[in-house]
Amino acid sequence: MTSPRWMILVCFSLISVFGTGESLTIIVPEISNEQNSLPAIIAQMSRAIADLNASHKKLLVQQGRSGCNCNPSSLQACYSQRNLANRRLSSCNSQLRSLVAQRSSLLRQVSAFRSQYAAVVKQRAVLQSRLNVFTRYQNYGWKYYRGSFYYVSTSTATWVASRNYCTARGADLVVINDAFENNFTRGLKRKAWIGLYRSGSNWRWVDGSYLSSRASYWAPREPNNLGNREGHVEIRLFNILNSWNDEPWTTANYWICEKKV
Ligand code: BGC
Ligand code: CA
């Protein structure tokens, strides 16, 4: 049978090995053979218990400093709080990630809106200047037809003076591009200058294009360059489709200006 003294020795040895914690030192009481009476053993055990209590208190203080409490129910509460805090942290992290993604998307939208806005502002400026042109030529009393404003003079002048009148108003003598425009200008019912003239062996419009690249509406037997002095073109026979005639530039004619808008 194991004696109490032996048990105390084993107990103290275990405490000295496992019970001290990292920074604690427990003074293990010496039990001598001479003090083997029961009262002496009890006294030694009491001192050992007192030492143990002191060590326990030190441990508690140490654990308290580290924010832990070894009490099982406190530990449980501690774990629950930690788990709750971890869940909240995780939720916060995913919210943060979502907000960061939303912010990036919003920044992209803002950038797209900015460039759209800039494009709209540019477009508005273009439309405004077109509107200004429309307003100006309407105020002059010019007629609008298929993308251009037209003016028919109320007096007569040479081809050169007629052209000067048009260019002084940001326009030029009419360039007849197609049958619609030819019929429109004929429909104005005037023997009038148009923007076509001889240039060497070619006929050329005032916009720089050559008649050879377009439809032409010469009157029968025209252009005849009568007297070798006819280098500018008028609408002469406006009642028929083929109405153009070459004339000396000095002839006094009505004229037709055109402003493309
Ligand atoms: C015109 C000419 C034209 C001729 C046709 C004249 O009055 O000046 O340009 O070719 O008529 O008959
Ligand atoms: Ca002629």
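Salt bridges come up seven times in a search of the whole structure. The rule is a side-chain nitrogen of Lys or Arg within 4 Å of a carboxyl oxygen of Asp or Glu.

Two housekeeping points. This is a predicted model, where local features need pLDDT of at least 70 and side-chain atom pairs count only at pLDDT 80 or more, while totals for chains, interfaces and linings use all residues. Residues are numbered from 1 along each chain as its sequence is written, chains are lettered from A and ligands numbered from 1 in the order in which they are written, and side-chain values use heavy atoms, with hydrogens and water left out.

Back to the bridges. R198 and D246 meet through their side chains, at 3.8 Å from N to O. Because R198 is in strand β4 (residues 192-199) and D246 is in strand β7, this pair ties together parts 48 residues apart in sequence. Helices (H or I, at least four residues) and strands (E, at least two) are DSSP runs, numbered from the N terminus.

Is D246 buried or exposed? It is buried, at 0% relative accessibility. R198 is partly exposed, at 31%. The cut-offs: buried means under 20% relative accessible area, exposed over 50%, and partly exposed in between, using a 1.4 Å probe and protein chains only.

Next, R214 and D207. Their closest N and O atoms are 3.7 Å apart. R214 is partly exposed at 23%, and D207 is partly exposed at 46%.

Then E258 and K260, whose side chains meet at 3.6 Å, N to O. E258 counts as buried, at 7%. K260 counts as exposed, at 52%. There is also a network: K191, E234, R236 and E247 are joined by salt bridges that share partners.

Hold on to D246, please. Which residues coordinate the calcium ion, ligand 2? The donors are E222 (OE), N224 (OD1), E230 (OE), N245 (OD1), and D246 through both O and OD, at 2.0 to 2.5 Å. Donors here are N, O and S atoms within 2.8 Å of the metal, or 3.2 Å for Na, K and Ca; water is not among the atoms, so sites may look incomplete.

Along the sequence, the spacing of those donor residues reads E-x1-N-x5-E-x14-N-D. E230 sits in the loop between β5 (202-205) and β6 (232-235), and D246 sits in strand β7 (residues 244-247), so the two are distant parts of the chain, 16 residues apart. E230 is buried, with a relative accessible area of 6%.

On to cysteines. How many disulfides are there? The count is one, taking a disulfide as a pair of cysteine sulfur atoms within 2.5 Å. C166 is joined to C257, with 2.0 Å from S to S. C166 is in helix α4 (residues 159-167) and C257 is in strand β8 (residues 254-260), 91 residues apart. The link is left-handed, with -80° about the S-S bond. Both C166 and C257 are buried. C92, by contrast, is partly exposed, at 48%.

Now the rings. A pair of aromatic rings is described by the distance of the centres and the angle of the planes. Rings of Phe, Tyr and Trp (its six-membered ring) pair if their centres lie within 6.5 Å; planes under 30 degrees apart are stacked, over 60 edge-to-face, and the rest tilted. The count is 17 aromatic pairs.

Y145 and F184 are stacked, at 4.4 Å centre to centre and 5° between the planes. Y145 is in strand β1 (residues 143-145) and F184 is in helix α5 (residues 179-186), 39 residues apart. Y145 is partly exposed at 23%. F184 is buried at 18%. F184 also pairs with Y150: centres 4.7 Å apart, planes at 50°, so that pair is tilted. Y150 is buried, at 4%.

One aromatic cluster takes in F134, Y137, Y140, W142, Y144, F149, Y151, Y165 and W255. R169 lies over the face of Y165, 3.5 Å from the ring centre. For a charge over a ring, NZ of Lys or CZ of Arg is within 6 Å of the ring centre and within 35 degrees of the ring normal. R190 does likewise over Y254, at 5.1 Å.

Last, helix α3, residues 72-140. Its 69 residues at 1.5 Å each should span 102 Å, and the end C-alpha atoms are 99 Å apart, which agrees. The expected span is 1.5 Å times one less than the number of residues. Just after α3, G141 takes a positive phi of about 90°.
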